[in-house]
Amino acid sequence: MSQVLEQLLNALVIGSFYALVALGYSMVYGIIRLINFAHGDLYMLGAFFGYSALLLLGKTFLGTGVTGILAAMLTAMALTGGLGVLVERIAYRPLRGSPRIILLITALGMSLFLENAVMVFKPWGASFRVYPVTLGRAGFDLFGVHIGYAHLAIFAMALFLMAGLHLFVEKSVWGKAMRAVAFDREAAQLMGINANRMISMGFFLGSIMAAAAGVMAGLYYGQINFLMGFLVGLKAFTASVLGGIGNLPGAMLGGMLLGVLEVFGTSAVGGQWKDVFAFGALILILVFKPTGLLGERTAGRM
């Protein structure tokens with residue numbers, strides 16, 4: 001029983017990473033109906049920005065403690081969010097009226113560009129980078145289960161970010177304007193809403209969620225590399241489809257379910273099957289419920 005609870009805690013942590021990245025997929029798709037395959041690379045860039053920020057902050061009074069980690073995370077989120085807006089501005093906006101296949105190809109091209117840019121960027125490069133701070137196994141035992149402080153902190157931070165995003169989208173004026181653009185862009189513009197600004201905001205919010213996940217993954221796994229966003233991006237896309245792409249609560253649910261499926265499946269049949277569960281779930285959901293668990297049927301086609 002204790003082993004099951006420990007695995008559940010690991011699943012929630014990994015599921016948090018998938019859920020945060022999946023939110024970006026769902027936000028962008030919900031607003032402009034684009035599958036942004038470069039989004040996983042923003043997760044990777046967030047991890048690298050956090051890595052560099054921690055190296056620099058470690059030499060200042062902030063250090064690499066809790067304050068330094070939070071400062072590094074905020075720095076990574078701000079830089080990645082700005083980069084997400086820039087990607088939308090230079091790569092997607094000029095093609096917004098083009099057929100969707102053109103946008104999909106552009107997204108794949110942007111993904112390759114970002115990966116290779118990080119690979120040739122001298123301070124980062126192609127080699128694995130060890131994160132300046134790794135989280136220890138310190139924690140406490142509860143009913144025979146070892147609960148690490150790091151696990152709790154990552155899970156709590158992920159919940160805080162997801163709840164904050166949900167409240168922003170549902171309650172704020174800006175969030176309502178974003179939903180209006182997603183529902184009917186032309187009507188929203190007639191009502192005085194700047195659609196371009198709302199679309200940029202969608203990219204910004206999705207990017208900062210991915211950056212936060214990237215920093216937390218760097219702290220959790222202890223190392224990063226320029227290809228780390230590829231597989232996580234595909235799994236986060238799977239999570240968003242599982243929950244219902246375009247639906248933010250669905251993306252959170254899908255990420256958590258995918259984390260649980262992956263951890264318990266790996267525990268049952270071995271680590272070599274780890275990726276099979278995610279893509280098996282994608283096939284099953286597309287066959288039996290293509291709208292996802294919380295998604296709604298729409299008239300649009302990919």
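Reply: The second largest pocket holds about 480 Å³ of space. Its lining has 19 residues, and the closest to the pocket's centre are Tyr 43, Tyr 221, Met 228, Val 232 and Lys 274. This is a predicted model: local features need pLDDT of at least 70, side-chain atom pairs count only at pLDDT 80 or more, and totals for chains, interfaces and linings use all residues. Residues are numbered from 1 along each chain as its sequence is written, and side-chain values use heavy atoms, with hydrogens and water left out.

Now the terms. A pocket is found on a 1 Å grid over the protein atoms alone: it is an open set of points where a 1.4 Å probe fits, with protein on both sides within 12 Å along at least five of seven lines. Lining residues have an atom within 4 Å of a point. Points are joined across faces, edges and corners, and the volume is the space filled by probe spheres set on them.

What kinds of residue line the second largest pocket? Twelve are nonpolar, four are polar and three are charged. Here Ala, Val, Leu, Ile, Met, Phe, Trp, Tyr, Cys and Pro count as nonpolar, Asp, Glu, Lys and Arg as charged, and the others, Gly among them, as polar.

Next, the helices. Helix 1 (2-32), helix 8 (195-221), helix 9 (228-243) and helix 10 (248-269) each give at least two residues to this lining. Helix 9 gives the most, with four residues. Helices (H or I, at least four residues) and strands (E, at least two) are DSSP runs, numbered from the N terminus.

Follow helix 1 first. Tyr 29 lies in helix 1. Tyr 29 is buried, at 13% relative accessibility. Buried means under 20% relative accessible area, exposed means over 50%, and partly exposed is in between (1.4 Å probe, protein chains only). Tyr 29 and Ile 245 are 216 residues apart along the chain, yet 7.1 Å separates their C-alpha atoms.

Past helix 1, Arg 33 sits in the loop that runs to helix 2 (39-57). Arg 33 is partly exposed, with a relative accessible area of 30%.

Helix 10 is another contributor. Val 260 is found in helix 10, and Val 260 is partly exposed at 27% relative accessible area.

Now compare with the record. The unreviewed UniProt entry places "transmembrane region" at several spans, including 12-35 and 199-220. Such positions are given in the numbering used here, feature names are shortened, and annotations may be inferred rather than shown by experiment. In the model, residues 12-35 are 88% helix and 0% strand, with end C-alpha atoms 25 Å apart. Residues 199-220 are 100% helix and 0% strand, with end C-alpha atoms 32 Å apart.

Last, the charges across the whole structure. Side chains of opposite charge can pair when their charged atoms come close. A search of the whole structure finds five salt bridges. Each is a side-chain nitrogen of Lys or Arg within 4 Å of a carboxyl oxygen of Asp or Glu. Arg 93 bridges to Glu 88, with the closest N and O atoms 3.2 Å apart. Glu 88 is buried, with a relative accessible area of 1%. Arg 96 also bridges to Glu 88, at 2.7 Å between the closest N and O atoms. Arg 179 pairs with Glu 170, and here the closest N and O atoms are 4.0 Å apart. Shared partners join Glu 88, Arg 93 and Arg 96 into one salt-bridge network.
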